[in-house]
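Biologist: I would like to learn how to read a model like this one. Can we go feature by feature?

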Amino acid sequence: MSKIKWKGGALTAPIPPVLVTCSDGETDNVFTVAWTGITCTHPPKTYISVRPERFSYDIIKKSGEFAINLSTESLVGAVDFCGIKSGKNIDKFKLCGLEKDQAFYVSCPIIRQSPLSLECRVDKIINLGSHDMFLSDIVGISVDDSIIDREGRMNLEKCGLLAFAHGQYFKLGKVLGNFGFSVKRRKNKKHIYK
Ligand SMILES: Cc1cc2nc3c(=O)[nH]c(=O)nc-3n(C[C@H](O)[C@H](O)[C@H](O)COP(=O)(O)O)c2cc1C
C-alpha cells in the first residue's frame with residue numbers, strides 16, 4: 001500500500017449530522033450541521049460552523065442561543081431535508097413532522113424526536129473563511145427519559161444514531177469495545193496492549 005498526496009481539504013469521517021434549532025422569538029428554525037463537535041470537557045463547550053448566508057446564521061447571532069439535537073435513523077429524512085431547504089420561506093418543523101419541546105435552559109425549541117439535545121449559548125463568533133464558528137457553552141442537556149434504564153444509565157447506543165461520511169448517512173453499528181477495553185485484564189487472556 002502506498003499513499004497518494006492530495007492538497008488540504010475538509011475531509012474527515014464520520015461526523016455527526018445534527019439538527020440545530022434556533023429562534024429569534026418570532027420565528028423558529030431548524031437546519032442540519034455536520035461541522036460540529038466538542039471543544040472542551042470542563043467547562044463543556046461545543047461549536048457549530050455556519051455559513052453567513054444560512055437563514056439560521058442571523059437568528060443565532062441575534063439570539064446568542066441554539067440547540068444541537070442528535071439525530072437518529074428515524075430522523076434521517078428530516079436531516080437531509082433540513083440541510084437542503086432553507087427555512088426562510090417554509091416551516092421545516094411542520095414539513096418534516098418535527099415536534100417542538102421547550103428547552104430547559106435556552107429559549108429556542110428542541111426536537112421531541114431527538115434522544116438528546118445540547119442547549120447552547122454562544123461565547124464567541126470566530127470568522128474562519130467560508131464558515132463562522134460559534135464557539136459555545138453547553139449550558140444544559142435535555143435527555144429523553146426513554147433512553148435511561150432502571151439503573152439510571154443512558155443507553156445512547158440503542159438510539160440508532162446517525163453518522164455522516166463522505167456524503168452518505170449511516171446508522172451506528174456494532175459495538176467493538178467499551179472505553180479502556182484495550183488495557184483491561186481479560187479473563188484467562190492476555191492484555192491487548194501493555
Ligand atoms: C449533511 C449536511 C450537513 C451540513 N452541514 C452544514 C454545516 O456544518 N454548516 C453549514 O453552514 N451548513 C451546513 N449544511 C447546509 C445547511 O444545513 C443548509 O444550507 C440549510 O438549508 C440551511 O438552512 P437555513 O437557511 O434554514 O438556515 C449541511 C447540509 C447537510 C445536508
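Biologist: Is Asp-24 buried, exposed or partly exposed?

Modeller: Keep in mind that this is a predicted model. For burial, count the other C-beta atoms within 10 Å; 20 or more means buried, and 12 or fewer means exposed. Asp-24 has 17, so it is partly exposed.

Biologist: Where is Asp-24 found in the chain?

Modeller: Asp-24 sits in the loop between β1 and β2.

Biologist: Which residues is Asp-24 in contact with, leaving aside neighbours within four places in sequence?

Modeller: Ile-59, Lys-62 and Ser-63. Helix α1 covers residues 55-63.

Biologist: Let us step back. Which elements does the chain have?

Modeller: Three helices and 11 strands. From the N terminus, they run β-β-β-β-α-β-α-α-β-β-β-β-β-β. The C-alpha trace spans about 65 × 50 × 35 Å along its principal axes. Of the 194 residues, 27% count as buried.

Biologist: What is the strand order in the open sheet of seven strands?

Modeller: The general idea comes from pairing. Strands of a sheet pair through backbone hydrogen bonds, either parallel or antiparallel. Here the order is β2-β1-β5-β8-β9-β4-β3, with antiparallel pairing. β2 and β3 stand at the edges with a single partner strand each, so one side of each has no neighbour in the sheet. On average, neighbouring strands are turned by 35 degrees against each other, direction ignored.

Biologist: What packs on the sheet?

Modeller: Helix α1 does, touching β1, β2, β4, β5, β8 and β9. The direction of α1 makes about 60 degrees with that of β1.

Biologist: How many bridges join β8 to β9?

Modeller: There are 11, and the two strands run antiparallel. Asn-127 stands opposite Asp-132 in β9. The hairpin of β8 and β9 has four residues between the strands, and Gly-129 there takes a positive phi near 140 degrees.

Biologist: And how many bridges join β4 to β9?

Modeller: Six, again antiparallel. One partner pair is Thr-46 with Ser-136 in β9. Strands β1 and β5 pair in the antiparallel sense over three bridges. Thr-21 has Ala-67 in β5 as its bridge partner.

Biologist: Now the core. Which residues of the largest nonpolar core touch the most other members?

Modeller: For a core, look for buried nonpolar residues joined through their C-beta atoms. This core has 31 residues, and Leu-19, Val-20, Phe-66, Ala-67, Ala-78 and Cys-82 touch the most other members. β1 gives the most to the core, with four residues.

Biologist: What does Cys-82 touch, not counting residues up to four places away in sequence?

Modeller: Leu-19, Val-30, Phe-31, Thr-32, Lys-92 and Cys-96.

Biologist: Last, the ligand. Which residues around the ligand come nearest?

Modeller: There are 22 residues around the ligand, and Trp-35, Phe-55, Ser-56, Gly-83 and Ser-86 come nearest.

Biologist: What share of the chain's contacts joins residues at least 24 apart?

Modeller: Take contacts between residues at least 6 apart in sequence; 62% of them join residues at least 24 apart.

Terms used:
Residues numbered from 1 in each chain as written. Predicted model: local features only at pLDDT ≥ 70, side-chain atom pairs only at ≥ 80, totals over all residues. Near = placed C-beta within 6 Å. Pairing = 2+ DSSP bridges. Axes fitted to C-alpha atoms, helices over the stretch in contact; angles between N-to-C directions. Contact = placed C-beta atoms within 7 Å. Core = buried A, V, L, I, M, F, W, Y, C linked by C-beta atoms within 7 Å.
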